Amino acid sequence: MRPVTLHTERLVLSIPTGDDVDAITAACQDPEVPRWTTVPSPYTREHGEEFVEKVAAWWDEGAETVWAVRRDGELAGMIGLHRITEHPHGGDAEIGYWGVARFRGQGVMTEAAHAVVKWAFGELGLVRLGWRAVVGNVPSARTARAVGFRYEGTLRQGLTSPRGRDDGWIGGLLASDDRTPVDWPVLS
Ligand SMILES: CC(C)(COP(=O)(O)OP(=O)(O)OC[C@H]1O[C@@H](n2cnc3c(N)ncnc32)[C@H](O)[C@@H]1OP(=O)(O)O)[C@@H](O)C(=O)NCCC(=O)NCCS
């Protein structure tokens, strides 16, 4: 698949490249990123270089689609569709994201996720998106809820990362769902 660029009111989402490695490496020094994601810690420049190479290969294979989220030309985060799986009755994937600390709390990831969801159900033609997060990751859950995901339960010790095993919250969004945010029992 050729990399796709998405545009929103404030953001451009495009494939991360070698020019982003320094910004990615800097962003991943924030302990909040490895705390809640599978990003390695400590995060070195080599990790960033490997990551952008892998992203190019994933786009090529159609296995995962990862975008750098850019605001006014600066790296504001990363968002992707992972484990893209085709099926005769419609494919699915899992959404994942992290934001650069100084860009958080301004609706950036919600705006990026809206665009990715629209593309996933539109051009890519998926029928379901999944979302998973370590229990207690309220900002991630609120982002998923804001774009329409429904809470689907808890996976006890169901998530693995370099930290070990964690309990996980899971959510889902169907192409046919009304995307108006709904209440989540784990978010008050
Ligand atoms: C999760 C993350 C990407 C959200 O990015 P963001 O750009 O700050 O998100 P937005 O500004 O679009 O806010 C999305 C929702 O989260 C809420 N939120 C943002 N920061 C929050 C915080 N620190 N505490 C509680 N809620 C928060 C917002 O209020 C909004 O919810 P609402 O629509 O119900 O009001 C960001 O917090 C992050 O990078 N966290 C570390 C990495 C991570 O956890 N990634 C997800 C792994 S599953």
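Colleague: Which helix does Ala-141 lie in?
Modeller: In this predicted model, Ala-141 lies in helix α5.

Colleague: And is Ala-141 buried or exposed?
Modeller: Ala-141 counts as buried, because 20 C-beta neighbours lie inside 10 Å of it, and a residue needs 20 or more of them to be called buried.

Colleague: Which residues does Ala-141 touch, leaving out those up to four places away in sequence?
Modeller: With those left out, Ala-141 touches Ala-133, Trp-169, Trp-184, Val-186 and Leu-187. If you take Trp-169 from that list, you will find that Ala-141 and Trp-169 are 28 residues apart along the chain, while their C-alpha atoms are separated by 8.3 Å.

Colleague: Switching to the ligand, what does α5 give to the shell around it?
Modeller: Helix α5 gives the most, with six residues, and α2, β5 and α4 each supply at least two residues as well. The shell divides into 10 nonpolar, nine polar and three charged residues.

Colleague: Which of the 22 residues around the ligand come nearest?
Modeller: Those are Trp-36, Arg-104, Met-109, Thr-110 and Arg-142.

Colleague: What order do the strands of the whole sheet follow?
Modeller: Eight strands form an open sheet with mixed pairing, in the order β1-β2-β3-β4-β5-β6-β8-β7. Strands β1 and β7 stand at the edges and have a single partner strand each, so one side of each is left without a neighbour in the sheet.

Colleague: Where does α4 lie?
Modeller: Helix α4 lies across β1, β2, β3, β4, β5, β6 and β8, and α4 runs at about 35 degrees to β4.

Definitions and conventions. Residues are numbered from 1 along each chain as its sequence is written. This is a predicted model: local features need pLDDT of at least 70, side-chain atom pairs count only at pLDDT 80 or more; totals for chains, interfaces and linings use all residues. A residue is near a molecule or strand if its C-beta atom, placed from the backbone, lies within 6 Å of it. Helices (H or I, at least four residues) and strands (E, at least two) are DSSP runs, numbered from the N terminus. Ala, Val, Leu, Ile, Met, Phe, Trp, Tyr, Cys and Pro count as nonpolar, Asp, Glu, Lys and Arg as charged, and the others, Gly among them, as polar. A residue is buried if 20 or more other C-beta atoms lie within 10 Å of its own, exposed if 12 or fewer, and partly exposed in between; C-beta atoms are placed from the backbone. Two residues are in contact if their C-beta atoms, placed from the backbone, lie within 7 Å. Two strands pair if DSSP finds at least two bridges between them. Axes are lines fitted to C-alpha atoms, for helices over the stretch in contact, and angles run from 0 to 180 degrees between N-to-C directions.
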